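Open the model in your viewer and keep the selection panel at hand. This tour goes stop by stop: what to select, then what is there.

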Amino acid sequence: QVQLVESGGGLVQAGGSLRLSCAASGNIFGINAMAWYRQAPGKQREFVATITSTGSTNYADSVKGRFTISRDNAKNTVYLQMNSLKPEDTAVYYCAAEVKVVVTRPYWGQGTQVTVSS
């Protein structure tokens with residue numbers, strides 16, 4: 001069984017920073033891409049950033065230049081450094097990973113709340 005557990009969410013003032021972490025555990029043979037998504041109240045879940053196993057990254061336009069995704073393959077962990085936070089960044093942030101157990105399929109974390117006050 002594979003679990004993804006996020007941490008690092010919280011309440012921050014606009015302009016502040018937070019660092020999210022997501023650790024994968026279980027009987028893992030490998031992890032391909034890892035990613036962060038977010039869902040604001042009343043809105044659909046949206047893509048934030050992704051990173052491949054070799055470190056290539058891609059970002060949503062709304063977070064480019066402010067957020068940085070990184071990963072530690074030895075720890076099966078992905079991070080999201082969020083700087084210059086805005087109230088519109090308020091959402092539940094979810095991590096996702098393509099994990100190979102017997103077959104490769106996506107797994108999701110339970111989410112962590114990020115609230116940015118104005």
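Buried means under 20% relative accessible area, exposed means over 50%, and partly exposed lies in between (1.4 Å probe, protein chains only). The model is predicted: local features need pLDDT of at least 70, side-chain atom pairs count only at pLDDT 80 or more, and totals for chains, interfaces and linings use all residues. Numbering runs from 1 along each chain as its sequence is written, and side-chain values use heavy atoms, with hydrogens and water left out.

**Stop 1: Asp89**

Select Asp89. It is buried, because its relative accessible area is 1%. Find it in the loop between β8 and β9. Strands here are DSSP runs of E, at least two residues long, and helices are runs of H or I, at least four; both are numbered from the N terminus.

Which side chain makes a polar contact with the side chain of Asp89? Show Arg66: the separation is 2.8 Å. A polar contact is a pair of N or O atoms within 3.5 Å; within protein, one must be able to donate a hydrogen and the other to accept it, and residues adjacent in sequence count only if both atoms are side-chain atoms.

Now show the surroundings. Contact means heavy atoms within 4.5 Å. Leaving aside neighbours within four places in sequence, Asp89 is in contact with Arg38, Arg66, Phe67, Ser84, Val114 and Val116.

**Stop 2: Phe67**

Step to Phe67, in strand β7. Phe67 counts as buried, because its relative accessibility is 3%. Not counting residues up to four places away in sequence, its contacts include Tyr59, Leu80, Met82, Asp89 and Tyr93. For scale, draw a line between the C-alpha atoms of Phe67 and Ala40: they are 17 Å apart, across 27 residues of chain.

**Stop 3: the core**

A nonpolar core is a set of buried Ala, Val, Leu, Ile, Met, Phe, Trp, Tyr and Cys residues joined through side-chain atoms within 4.5 Å. The largest one has 32 residues. Select Trp36, Leu80, Met82 and Tyr93, which touch the most other members. Then colour β3, β4, β5, β7 (67-72), β8 (77-82), β9 and β11 (112-117); each supplies at least two residues of this core. Which strand gives the most? That is β9, with 5 residues.

Centre on Tyr93. Leaving out residues up to four places away in sequence, it touches Glu6, Leu20, Trp36 and Val114, among others.

**Stop 4: the disulfide**

A disulfide is a pair of cysteine sulfur atoms within 2.5 Å. The whole structure has 1. Select Cys22 and Cys95, whose sulfur atoms are 1.9 Å apart. The pair joins distant parts of the chain: Cys22 in strand β3 (residues 18-25) and Cys95 in strand β9 (residues 91-100), 73 residues apart. Both Cys22 and Cys95 are buried.

**Stop 5: the rings**

Rings of Phe, Tyr and Trp (its six-membered ring) pair if their centres lie within 6.5 Å; planes under 30 degrees apart are stacked, over 60 edge-to-face, and the rest tilted. A whole-structure search finds 2 aromatic pairs. Select Tyr37 and Phe47: the centres are 5.8 Å apart and the planes at 75°, so this pair is edge-to-face. Tyr37 lies in β4 (residues 30-39) and Phe47 in β5 (residues 46-51), so the pair ties together parts 10 residues apart in sequence. Tyr37 counts as partly exposed at 25% relative accessibility, and Phe47 counts as partly exposed at 28%.

**Last stop: Arg45**

A charge sits over a ring if NZ of Lys or CZ of Arg is within 6 Å of the ring centre and within 35 degrees of the ring normal. Select Arg45. Its charged end sits over the ring of Tyr94, 3.8 Å from the centre. Arg45 also lies over the face of Trp108, 4.8 Å from the ring centre.
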